[in-house]
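Here's a quick briefing to read alongside the model. Have the sequence and the 3D view open as you go.

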Amino acid sequence: MIRIYRRKIDDLRRVVIPQQMLNGINVKPGDLVDITCEGGSVRIEKSMPTCWLCRSDENLVEVEVEEQNCMICSRCVMRIQMALLRRQRRLKKYYTFEVAEEIAEETAQQETEE
């Protein structure tokens with residue numbers, strides 16, 4: 001059965017959603033809701049936690065990003081870890097090569113000074 005509630009929009013363009021409707025979708029004070037607009041209709045749904053990067057809703061881990069808590073799925077966590085590991089390996093190779101060149105230059109300078 002569809003119930004229609006008529007509410008007036010206030011001067012700040014707000015509308016009060018009847019408690020019966022919110023109870024029907026299990027929304028309590030402080031909960032997040034998703035509000036979408038499509039084809040002239042506005043839809044309000046209880047927000048379900050999803051991955052901040054890929055929007056998956058499976059295997060979520062709460063992390064802090066720029067002083068805000070967000071959810072990231074275990075798959076994205078693994079992808080980030082792998083990307084960081086690859087970057088670390090590239091940097092290690094670069095710095096190892098750079099350090100070897102510096103040692104070779106220092107050794108060559110010492111030999112010419114002797």
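This is a predicted model: local features need pLDDT of at least 70, side-chain atom pairs count only at pLDDT 80 or more; totals for chains, interfaces and linings use all residues.

Two strands count as paired if DSSP finds at least two bridges between them.

**The S1–S2 hairpin**
- Two residues sit between the strands of this hairpin, and Gly39 has a positive phi near 60°.
- Across the pair, Glu38 stands opposite Ser41 in S2.
- S1 lies largely in the open, because zero of its six residues are buried.

- Ile25, Val33, Ile35, Val42 and Ile44 together make a nonpolar surface patch of about 410 Å².
- Ile35, one of the patch residues, belongs to strand S1.
- Is Ile35 buried or exposed? Ile35 counts as exposed because its relative accessibility is 59%, and the cut-off for exposed is over 50%.

**The core**
- Five residues form the largest nonpolar core: Cys51, Cys70, Ile72, Cys73 and Cys76.
- Strand S4 (residues 68–73) gives the largest share of this core, with three residues.
- What does Cys70 touch, leaving out residues up to four places away in sequence? Cys70's contacts are Trp52, Val61, Glu62, Val63 and Val65.

How values were computed. Residues are numbered from 1 along each chain as its sequence is written. Side-chain values use heavy atoms; hydrogens and water are left out. A nonpolar core is a set of buried Ala, Val, Leu, Ile, Met, Phe, Trp, Tyr and Cys residues joined through side-chain atoms within 4.5 Å. Buried means under 20% relative accessible area, exposed over 50%, partly exposed in between (1.4 Å probe, protein chains only). Helices (H or I, at least four residues) and strands (E, at least two) are DSSP runs, numbered from the N terminus. Contact means heavy atoms within 4.5 Å. Patches are made of residues with over 30% relative accessible area and no salt bridge: like charges are joined within 9 Å, nonpolar side chains (Val, Leu, Ile, Met, Phe, Trp, Tyr) within 5 Å. Accessible areas come from the Shrake-Rupley method with a 1.4 Å probe; for residues, only the protein chains shown count as cover. A salt bridge is a side-chain nitrogen of Lys or Arg within 4 Å of a carboxyl oxygen of Asp or Glu.
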